[in-house]
Amino acid sequence: MSPQARRDDLIAAALDLFGSRAPELVTVDDIVARAEVSRPLFYRYFASLRELQVQALRTVTDGLVDGLARLEQGPPEDRLRAAVRGLIDVADHYRAGYVALLRSGSVIATSETDAAIDEVRNRSVALILDALGLAEPSPLVLLTLRCWTAVVEGALLSWLQERDVPREILDGWLVDQLTAMLATTSAHDVVHRPT
């Protein structure tokens, strides 16, 4: 196995374990047992458990950004629905990692993971602006989109933990939320736009 493949295998083992328990509860022994390697081999690729945790969570955010980058063409609503569906898929696949990444006060959170989350948020806003054909959005539109990304994050965190809303309803509901928010913003933007 190549060094990169071994490193990826250790990250995959950690993410697999995060599916059943919080990242801060997963130990080096758990990871080496899952990956079927020795502790010395683990430390050949990662200086510490913390380094692996950050890399594993970075894998989650990279998955979110990659998912957003592969959107199909089509009407704005279809593109947004596909984007939200992609975010739901990645968040669901990496459930515990995603929850740990966004949970306030997580012991795994670092400035690096915060920057990675901001990258996903910024990519989401850029995608929506592109889908809507807005090259120069107003400050209220930008504020609306940033607020909506917070709505998506909060909804996904709740949905991942409670599962009380059917998955097939979630993406449409979130897109409808954005549509309503943008309609309200449009009404206020006209009234408050400087002349």
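This is a predicted model: local features need pLDDT of at least 70, side-chain atom pairs count only at pLDDT 80 or more; totals for chains, interfaces and linings use all residues.
Figure 1. Once the neighbours within four places in sequence are left aside, Arg167 is in contact with Ile88, Asp89, Asp92 and Trp159. Of these contact partners, Ile88 and Asp92 also belong to the set of α5 residues that meet α8, and Trp159 belongs to the α8 side of that contact. With a relative accessibility of 30%, Arg167 counts as partly exposed, because that class lies between the limits of 20% and 50%.

**Figure 2. The packing of helix α5 against helix α8.** Helix α5, which spans residues 76-93, packs against helix α8, which spans residues 139-162, at an angle of about 40 degrees and with the two axes 11 Å apart. The two helices are therefore oblique to each other, and α5 passes α8 in a right-handed crossing. On the α5 side the contact is made by Val84, Leu87, Ile88, Ala91 and Asp92, which meet Trp148, Val152, Leu156, Trp159 and Leu160 of α8. Sorted by class, the residues of this contact comprise nine that are nonpolar, none that is polar and one that is charged.

Figure 3. Arg163 lies in the loop between α8 and α9, the latter covering residues 167-192. The phi angle of Arg163 is near 55 degrees, a positive value in a residue other than glycine. Most residues other than glycine have a negative phi. With a relative accessible area of 40%, Arg163 is partly exposed.

**Figure 4. The packing of helix α1 against helix α2.** Helix α1 (residues 3-18) and helix α2 (residues 28-35) pack with their axes 9 Å apart and at an angle of about 115 degrees, and they are therefore roughly perpendicular to each other. The crossing of these two helices is right-handed. From α1, the residues Arg6, Asp9, Leu10, Ala13, Ala14, Asp16 and Leu17 take part, and they meet Asp30, Ile31, Arg34 and Ala35 of α2. This contact of α1 with α2 divides by class into six nonpolar, no polar and five charged residues.

**Figure 5. Asp30 in helix α2.** Asp30 lies in helix α2 and is one of the α2 residues that meet α1. Leaving aside the neighbours within four places in sequence, the contacts of Asp30 are with Leu17, Arg21 and Leu25. Asp30 and Leu17 are 13 residues apart along the chain, and a distance of 7.9 Å separates their C-alpha atoms. At 22% relative accessibility, Asp30 counts as partly exposed, because a residue is classed as buried only when its relative accessible area is under 20%.

**Figure 6. The annotated segment and the loop between α2 and α3.** An unreviewed UniProt entry carries the annotation "DNA-binding region" for residues 27-46. At 72% relative accessibility, Glu36 counts as exposed. Ser38 is placed in the loop between α2 and α3, where α3 covers residues 39-45. At 38% relative accessibility, Ser38 counts as partly exposed. Ser38 and Val28 are ten residues apart in sequence, and their C-alpha atoms are 9.8 Å apart in space.

**Figure 7. The setting of the close-up views within the whole protein.** The protein has nine helices and zero strands, so that from the N terminus on its elements run α-α-α-α-α-α-α-α-α, as assigned from DSSP runs. Of its 195 residues, 44% count as buried. Among the contacts in the protein with a separation of 6 or more, 69% are accounted for by residues 24 or more positions apart.

How values were computed: Residues are numbered from 1 along each chain as its sequence is written. Side-chain values use heavy atoms; hydrogens and water are left out. UniProt positions are given in the numbering used here, feature names are shortened, and annotations may be inferred rather than shown by experiment. Axes are lines fitted to C-alpha atoms, for helices over the stretch in contact, and angles run from 0 to 180 degrees between N-to-C directions. Helices (H or I, at least four residues) and strands (E, at least two) are DSSP runs, numbered from the N terminus. Angles under 35 degrees count as roughly parallel, over 145 as roughly antiparallel, 65 to 115 as roughly perpendicular and the rest as oblique. A crossing is left-handed if the near helix is turned anticlockwise from the far one by less than a right angle, and right-handed if clockwise. Contact means heavy atoms within 4.5 Å. Ala, Val, Leu, Ile, Met, Phe, Trp, Tyr, Cys and Pro count as nonpolar, Asp, Glu, Lys and Arg as charged, and the others, Gly among them, as polar. Buried means under 20% relative accessible area, exposed over 50%, partly exposed in between (1.4 Å probe, protein chains only).
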